[in-house]
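Trainee: Hi! Could you walk me through the aromatic rings in this one?
Mentor: Happy to. Let's bring it up.

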Amino acid sequence: MLGLSNLIKYHKIPILFITLSGVFYISFGYDLERTDSEKLLVLYVALFALAFQIIKLSGFHFRLLVIASIVFRLLFLFAIPNLSQDFYRFIWDGRMILEGLNPYLYTPDSFIQNGKLPVKQAQELYNGMGALSSSHFTNYPPLNQLCFTIAALFSGKSILGSVIVMRVIIIAADIGTLYFGKKLLERLKVPSKRIFWYILNPFIIIELTGNLHFEGVMIFFLVWSLYLLHCGKWKWAAVVLACSISVKLIPLMFLPLFFWWFRKNPKENVIANEMKQSVSNEKIASSRVPRNDVLKLISFYAIVGMTTLLLFLPFFSMKFINNYTETVGLWFGDFEFNASIYYLAREIGYAITGYNEIAIIGKILPIVSLFIILGFSFFKKNHTIPKLTTSILLAFACYLFLSTTVHPWYIATLVILCVFTNYRFPLAWSLVVVLSYLAYLNVDNSENLWVIALEYIIVFSIFIWELWSKRKLPVS
C-alpha cells in the first residue's frame, strides 16, 4: 500500500496522462467508426502525444510503464475491431479446421455461393470479411492458423468470444516481446527503456491488439530468435525464427541477411563490437557467439527450412501449393494500397501507355527488392545484433517502399527493429500511416493520392535525413 501511495505521489502527471490515454483508448475501441476521420485523427494524434509524455516523464519506472502497456491492451478486450475486417476470415479459417476442412483448399465463396454453411455463423462471417477476402484462398501460415483454431476451440459459436481469445494471444505475445526485447537491450548495453517505443506505441496497441493483426506474434518469435542468437544458442534461434515465418512469411526475406553471422572473424566478438568497452578475457570468451564456418550457416538455414516445412506439412498437397502461391502472388500483381514508389511508376506507365501497368511493374519491383536485400546480405557484415537489425530494418523498409500494397500493420516490424538501431523514421511512419485510413471516407475506398503523398514526403524526408547524417540518435 505504501508503494502505491509513493507511486501516486511521485508520478502524478504520468498517472494523469495514463488515465487520459485509457479514456481515449476506450473511445477508440468502442465508439469509433473508421469513416469518422476527424475523430480518428484527433484520438490517434492525442494518444501519440500522451505516450511520448508518459515515457518521458516516467523516468524509468519500469513497473508503471508495464502496467500501463498491459492495461491499455486489456481495454480493447471486448471490442470488435473497427479498422479492419480481417478477423472475420481468421475466425472462418479456425472453424474450418475444427470441422476437419483444410482452409487452404477452399474459398468462402465456394461454399456460400452453393448454399453451403460449413461452419457456425458462416453467413455472418462471410458478410463481415468482404468480397475481396471471400473470393480468395487463405494466405495465413500454419502457426497463424493454430491461433485461429484455438479461438474456434474455446469459442466456436461466438464471434466476440473468438475475438477475445485471439486478442489474449496477441497480448501474451506482446508481453513476450517486452520480456525478450528488454533482455536483449540489456545485453547490448542499450537503455532498456527503448522497448517502450514499441510496447507503448499507440500504433502497435491499436493495430495489433485492437485490430487483431498477428504481426505481434510474428514479432515475438523474431525478437526471441535474435535474443537466442546473441546468446549463442543458434540452433534454437533457427527453430524460433521458423516459428516467426510460420506466423507471417515476412521473416523469410531476412534469411540472406544472416550470411555473415557465422563467418569466422577472429578480431571481433560480441562484447567488443556491441559493448565497445574493455572487459576481461574470461568474460569475452564466455560471451563469444559460435560462428566457426559456413557449415553452421548451412545448418542454420537447414533447421529454419526443415522446421518451417514440418509446420506446413499437415496442410500439404499439390492443390495447397497452387492455391497458396496464387494468393501470395496477388500482393505483387493485383492489389494496390498506400504505396509510394509504385504509385509514381504507375503514373509513368499511364503517361506512356494509357493503362495501369501493375502486371509489369509488380514483377519488376520485387526483383529490385531482392537485389537490395542481397546487397545488404553480402556487402554489409552483419555479424553483430545492431548491424544485423539495422540491415534488416533498411532492407525491409526498401521492400515496403517498393511494394504495391502497404497496409498500416506492415510497419509494426520496422517499429520493433528500430528499437535496436539508431534509426527513428519507423516511429514517425507509425504516426503518419493513419492517413491511409482516410481512403475509407469514400464509398469505393479510393485513395486521395495527395494524402498518400503527404504521408510519404514526411517518411522519406526523415529516412533520407537519417541516412545522410549517419548520426547516433539519443537513446533516452
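Trainee: Is phenylalanine 401 buried or exposed?
Mentor: This is a predicted model, and in it phenylalanine 401 has 3% relative accessibility. Buried means under 20%, so phenylalanine 401 counts as buried.

Trainee: Which kind of pair do phenylalanine 396 and tyrosine 399 make?
Mentor: They are stacked, because their planes sit at 15° with the ring centres 5.8 Å apart. Both belong to helix α20 (residues 385-402), and since they are 3 residues apart, about one helical turn separates them.

Trainee: What about phenylalanine 401 and phenylalanine 460?
Mentor: That aromatic pair is tilted, with 40° between the planes and 4.4 Å centre to centre. It joins distant parts of the chain: phenylalanine 401 is in helix α20 and phenylalanine 460 is in helix α23 (residues 449-469), 59 residues apart.

Trainee: Which residues are in the aromatic cluster with Phe401 and Phe460?
Mentor: Tyr423, Phe425, Trp429, Tyr456 and Phe463 form one aromatic cluster with those two.

Trainee: New topic: charges. Which ring does the charged end of lysine 182 sit over?
Mentor: The ring of phenylalanine 62, with the charged end 5.0 Å from its centre.

Trainee: And where does lysine 381 lie?
Mentor: Lysine 381 lies over the face of tryptophan 260, at 5.1 Å from the ring centre.

Methods:
Residues are numbered from 1 along each chain as its sequence is written. This is a predicted model: local features need pLDDT of at least 70, side-chain atom pairs count only at pLDDT 80 or more; totals for chains, interfaces and linings use all residues. Side-chain values use heavy atoms; hydrogens and water are left out. Rings of Phe, Tyr and Trp (its six-membered ring) pair if their centres lie within 6.5 Å; planes under 30 degrees apart count as stacked, over 60 as edge-to-face and the rest as tilted. Helices (H or I, at least four residues) and strands (E, at least two) are DSSP runs, numbered from the N terminus. Buried means under 20% relative accessible area, exposed over 50%, partly exposed in between (1.4 Å probe, protein chains only). A charge sits over a ring if NZ of Lys or CZ of Arg is within 6 Å of the ring centre and within 35 degrees of the ring normal.
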